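Thanks for coming. I will go through one model today, starting with a strand pair and ending with the cavities.

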Amino acid sequence: MRFQHNPFLFNSMEDAVDRILQAAEEKEKVLIFGDRDVDGVTATTVLYQGLVSLGIDVRYRLPLGDDGYGLSMAAVDDFAKEYGSLIITVDCGISNNQEIAHAAELGMDIIVLDHHNPPEELPSPAIIVDAKTAESGYPFVDISGCAVAYKTVSALRFSRTKWYKMELCLLNARETEEGTVIECVKVRNLVPLSRLVETVVPGEKGIMDTRLPAYLQGQMILVWDEKNVASILENTFGNSAQFNCLDIRPEVAQIIPGVSNLPLSSLKKMSKLAKYGDHEATEIGGFYNIFVSYVNQSQKRENPGMVEQEEKDLQLVALAALADIMPMKNENRIFVSKALESINSGKVRPGLLELMADVNLLGKRVNSTDLSWVLISNLNAAGRLGQPSLAAELFLSRDQKEREEVARKIVELNMQRKQLSADAQDYGFIQAKDSISNHDGKLCVVIDERINRGVTGILAGRLETSYHVPAIVVTFVDDVAVGSMRSCRGFSATAFLDRMSDLFLNHGGHDAAAGFSFMKELLPEFESRIKSLAPDIQLESSSEGTYDVDAEIPLQFLTPDLLAVEDLFEPFGEKNEQLLFMSRNVPVVDAMIMGKGEKQHLKVIIETGKHKWPCLFWNEGERLHRDFEVGDDIDILFHVERNIFNGMETAQLVLTDLRKSR
């Protein structure tokens, strides 16, 4: 966890924590308002359990049925009737200016925990924790809403330590050929705030001739090996300089015994984290890192249940990162990697365990693809069909039988969602080609009242994938038009929708995915605006029909050992696609067509010396006898995957393309 970013790097995190602690102290009623998708439900769960652990009187609310996205006036008014005083939005809120202003008028405070693109005018008055805001201070903008909730809960846990809000200064003195180098780092909530380096030739300056007195005033000064530091400072400034320092080394050694007799010069070399901010590895950098490790370890020792709860939280954070297509880089890789490690070690959190049992994932080595295509698709079905509270109940219920029943309901809802998606695809693809030509070849717009509102995003995504242009899908709920947009090729969905903001009841999202709603009576104006804006859309060049191959594998190296190579690059997802390999002149020893109906699959058996590989090519049954025959040599593009059958694990290839070898 040391490689995660400190939650207090959010400039507003301390304000959010203090307001929540005030609610706990004064026994206030708190409402968490989330969203219907996996990110919103997991964020609600993580924050709810975190606030319950503080003894807070908290309840949650999610959009149900045909409710719109984001905090609603009805939710604000209902909570006011309960004499509630604090609303915390998760995975929403950054665009709810009117609702937040209304809550303030009713005497309620608002904390916004979000990750969506902010509007030009931020909601006020509110404490806003969103990495995408200009003044957030957070170094990584692409975390999910659940990750923001998790960071807030982590900050709340830290607030229970003696170090919360304490003004500290780490000080080190070392002798060099140029003189005595005195390095100081100010720290608050384990965040390094500033650094001072002063080089003094012994006997040339008094302490008052340096910047040290002003810098150290009012600080608790921590040193490593006080006797050595005091001796160096006395040699530099004489007996008149008095430094009130606390030697932290004995205290650290009680938690991390291996450092008890080590100087900072050795710690610097040992530490993998011997840098912070933009500072290179130095003795003071090593001091800072061992201090942070000590505080973290102390916190875990004082609160032994924290580690287990963090593991449970991270499993939800991982689901949210994959569900909201967050790039698999920076912290997101840590979140998903740690979650997979926890799940595959058998420490599956309640709720997730019951769902995994229902979809036959227990006993299998789960990877990011399993989370995305199996667990997340089922969990999202609850929200898409207007019952996100089922997903929340799955994670929050303390009754195993109830969780098992909820898991079954969610799987059933996913079956319904699949049929609705299939119907929507039939309606949508009939309109798609004409729509693209009517929008200058740059945009696909499908408007159909037969499409269920819960699958507009799925259909928009499929249209975008199929035609490689941004896609918009609109349906209707009574007198309101509800739509989803999915974008590609460097075109921002939210920026595009912002150009029509005067039409919308609400809108928002990410560059690649956004949602909106407007009154049905404005449909002609909406269509007219879309058509007038389409010619101005600027799209990056399409990569359709081309592949980025990670490595060409000669036949003698095409062995199950490739799975170990694949594992090194997990977790896969956005910005870290699954490894794509190529092999040439591969002998085909058998081939068959599988499946019934229009889309049939192809299974090819290839031979690579000692190994025979089953290769699956989904929806490409027509390739046999058209592009190759049994006995031919073929060139293949493929992913390597694990196949579990009857508890036995084998390696298989999943083909992306093939051609007869030249």
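Arg-486 has Ala-513 in E15 as its bridge partner. Before I go on, this is a predicted model, in which local features need pLDDT of at least 70, side-chain atom pairs count only at pLDDT 80 or more, and totals for chains, interfaces and linings use all residues. Residues are numbered from 1 along each chain as its sequence is written, and side-chain values use heavy atoms, with hydrogens and water left out.

A word on the labels: helices (H or I, at least four residues) and strands (E, at least two) are DSSP runs, numbered from the N terminus. Two strands pair if DSSP finds at least two bridges between them.

Back to that strand pair. Strand E13 (residues 480-486) and strand E15 (residues 513-519) run antiparallel and are joined by 7 bridges. Both belong to an open sheet of 5 strands, in the order E11-E12-E13-E15-E14, and the pairing is mixed. Strand E11 (444-447) and strand E14 (506-509) each have a single partner strand, so at these edges one side of each is left without a neighbour in the sheet. From one strand to the next, the twist averages 15°; angles here run from 0 to 180 degrees between N-to-C directions, and axes are lines fitted to C-alpha atoms, for helices over the stretch in contact.

Now the other open sheet on my list. What is the order of its 5 strands? The order is E2-E1-E3-E4-E5, and the pairing is parallel. Strand E2 (57-61) and E5 are the edge strands, each pairing on one side only. Here too I have the twist, which averages 15° from one strand to the next. Strand E1 (residues 29-33) runs parallel to E2, with 5 bridges between them. Within that pair, Phe-33 is the bridge partner of Arg-61 in E2. Helix H3 (residues 73-81) packs on this sheet and touches E1, E2 and strand E3 (86-90). The direction of H3 makes about 165° with that of E1. Contact means heavy atoms within 4.5 Å.

E17 and strand E18 (residues 601-607) run antiparallel, joined by 6 bridges. Ala-591 has Val-604 in E18 as its bridge partner. E18 in turn is joined by 6 bridges to strand E19 (residues 612-617), again antiparallel.

On to backbone geometry. Most residues other than glycine have a negative phi, and most peptide bonds are trans. Which residue has a positive phi although it is not a glycine? Asn-189 does, at about 55°, and Asn-189 sits in the loop between strand E7 (179-188) and strand E8 (191-200). There are also cis peptide bonds to note. One joins Ser-124 and Pro-125, with omega about -5°; Pro-125 is in the loop between strand E4 (109-113) and strand E5 (127-129). Another runs from Glu-570 to Pro-571, with omega near 0°. Pro-571 is in the loop between helix H20 (562-569) and strand E17 (581-594).

Now the cavities. A cavity is a set of points, on a 1 Å grid over the protein atoms alone, where a 1.4 Å probe fits but cannot get out; lining residues have an atom within 4 Å of a point. Grid points are joined across faces, edges and corners, and a volume is the space filled by probe spheres set on the points. How many cavities of 30 Å³ or more are there? The count is 3, and the largest cavity holds about 40 Å³. Its lining is Gly-50, Ser-53, Leu-54, Val-153, Leu-156, Arg-157 and Arg-160. Helix H5 (residues 145-158) gives the most to that lining, with 3 residues.

Last, confidence. pLDDT is the predictor's confidence in each residue, from 0 to 100. The protein has a mean pLDDT of 92, with 97% of its residues at 70 or more. Where it falls below 50 is residues 274-279, a stretch with 15 contacts in the model beyond near neighbours in sequence.

Methods: 1 Å grid on protein atoms, 1.4 Å probe; cavity = no way out; pocket = protein on both sides within 12 Å on 5 of 7 lines; lining within 4 Å.
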